[in-house]
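Hello,

Here is the structure I promised to pass on. My notes follow below it.

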Amino acid sequence: MGKIIELKKVNKWFDKFQVLKNIDLEVAPQEKIVICGPSGSGKSTLIRCINRLEEHQEGNIVVDGTELSESTKNIEKVRAEVGMVFQQFNLFPHLSILDNCTLAPIWVKKLPKKEAEELAMKNLTRVQIDDQALKFPGQLSGGQQQRAAIARALCMEPKIMLFDEPTSALDPEMIKEVLDVMVDLAKGGMTMIVVTHEMGFAKEVADYMIFMDEGKIVERAKTNEFFENPKSERTKLFLSQIL
Amino acid sequence: MNIISKPSKENIKSYLPLGIVFISVSFLDVFVNAFFNYNSLVFFPSQISYFLPLLFGFIGLYLIRIEFSGIRFLDIVNKNINSNNFNAFLTLLTIFIIIKSIPPLLNWFVLDANFIGNSKDDCTGDGACWIFIKVWFNRFMYGLYPDAEQWRINTAFLILFTIVGFSFFVSAKLKKYFILFLIFIYPFLGIELISGGSFGLKYVETAAWGGLSLTFIISAFAILFCFPIGVFLALGRRSSLPAIRYISIGFIELWRGVPLITVLFMSAVMFPMFLPDGTFIDKLIRVLIAITLFEAAYMAEVVRGGLQALPKGQYEAARSLGMGYWKMNLLIILPQALKLVIPGIANTLLALVKDTPLIFVVGLMELAGMIGLAKTNPKWLGMAMEGYVFAGLVFWIICYAMSRYSQNLEKKLSTER
């Protein structure tokens, strides 16, 4: 099967501090990958490199056949194909939820307004906040905001979705509603890379687990194997603390 | 039992009336003193009689300072203006100063002022000579613009106000066209109408323009141009391209570091020396460019404040949706940043309007300049006070209107309800 994301020997530094060390990663279409690891291990940086919110300094990153380099054209092409959901939602507070969802389709993909709105309503219905479409982000709860952010990303009809700790800023009660949406998305066949500490979610949807520490991929294994029979001591220690 | 116990609910029946009497006496004294020039406490030595109302009022306020009195009005008064001795004192002082200052102001502005007549000799009263304003009113509005052609200025402003007025009532879609017309077409139309020289209109050179209409023209054009330039400079200063960044920083720091009066002088006197022989740029245009660039530098820093206040996540979210630099800034960043700095923008634009009188250094006379000219007229010497009070009032009305508009805008654009 062809690969939709390929990272080869990716290295990245923040000044002198190396955050990513020789990362190799391949993702096939429709695969779901969950990345976990202690904070500061480089997992967020890794997925932010995939849509070049962070630049890598060495190695190659190829997303759906497009190599990420200095070329602005390539970067924008990749970004339009890769949806991203942030820890802090990052909805646009000056726009209604509907406008949040239609803005990029209209201006980046040049969709007619009417089509963009239909698409937005479809996705808002999918995340079950279609009744909030005309409200502003500030009027929604955290869980609703995060679901709106997922809908916004889906409106670009991405091939890949990146989730950067999507539930870490939420109240415990609201985590479930967001995870439910993500599970639904996974079952729909979306290629997903998720950075999260929600191991229940990981067990349910992930094809592969990746454990990172100090900028390196320590372990990459099928989900069952990862939880039942982790190979490295570091992974065992981490799992014993978090489970 | 103490004879003087602390005012409380038990002695409210005696303390409250007593306090009200004290307060009434003190207010009555100040009032009579201020308005009828009669000193009701004349039997005291003059110095004491001056402070006596303060003392009486103070005692009165102390007596009525009853906590949880059960009387709603009294509780509100005590909480807001009479919470302790110091506040009581400040309250009295403020009220007395206001009462005392009403009669002289009223006298000067209205009662002793002169309204009827046509020359300085008709000003016989002690108050203001508003005849001065009346006689010179035309000049204060239009400068030296020929009387016969003034309808053109009136028409230009009438069109402007009509369009602006209408734009408040029409639908959002039509409003867009109104605004585009106002920004891109009207300014040139208006200037064509006022300056003339074509369509059978007599040419009126800019040196004849003046008065309040010139204040408006300069302010409007400077605001129109300084705003976009300021936004570009702000973006430039935060650009990742070093050349653009350093040019922006250099420009901003240069213009911010120089007094406006110097800039205006240079634009009028030194700038023409650098032009090739035979080229001529109108003085008004040079001044306009100078003011525009000067205020743009300030605007840039105000806007930059807004840009910096936005969380990094907004930039990342916009980029992650595939937006390029311009789409990100125009659709996501600037709408939010500008909304944040509306008070700062209003501040800068108010300063701009109030800076326009400085154009007198190059010989252009807007409202304050015309007043300066009129007060030195031999027939009207000694009218500086009336003139500048009038100028102050007009500028205040303009600036207050702008300030209110900015507050409305802030409220309207607020989405954090």
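Predicted model: local features only at pLDDT ≥ 70, side-chain atom pairs only at ≥ 80, totals over all residues.

**A helix pair in chain B**

Contact here means heavy atoms within 4.5 Å. From α14(B), the contact takes in B:Ile342, B:Pro343, B:Ala346, B:Leu349, B:Leu350, B:Val353 and B:Lys354. From α16(B) come B:Phe395, B:Ile398, B:Cys399, B:Met402, B:Ser406, B:Leu409, B:Glu410 and B:Leu413. By type, 12 are nonpolar, one is polar and two are charged (Ala, Val, Leu, Ile, Met, Phe, Trp, Tyr, Cys and Pro count as nonpolar; Asp, Glu, Lys and Arg as charged; the others, Gly among them, as polar).

Helix α14 covers residues 342-355 of chain B, and helix α16 covers residues 384-413. Helices are DSSP runs of H or I, at least four residues; strands are runs of E, at least two; both are numbered from the N terminus.

**Domains of chain B**

Domain 1 is 12-111. Domain 2 is 131-145 + 204-413. These bounds come from an automatic or database domain assignment. The two domain centres, over C-alpha atoms, are 46 Å apart.

**Chain A**

Chain A has nine helices and 10 strands. Its C-alpha trace spans about 50 × 40 × 35 Å along the principal axes.

**Conventions**

Residues are numbered from 1 along each chain as its sequence is written, chains are lettered from A and ligands numbered from 1 in the order in which they are written. Local features need pLDDT of at least 70, side-chain atom pairs count only at pLDDT 80 or more, totals for chains, interfaces and linings use all residues, and side-chain values use heavy atoms, with hydrogens and water left out.

Best wishes

Key:
Axes fitted to C-alpha atoms, helices over the stretch in contact; angles between N-to-C directions.
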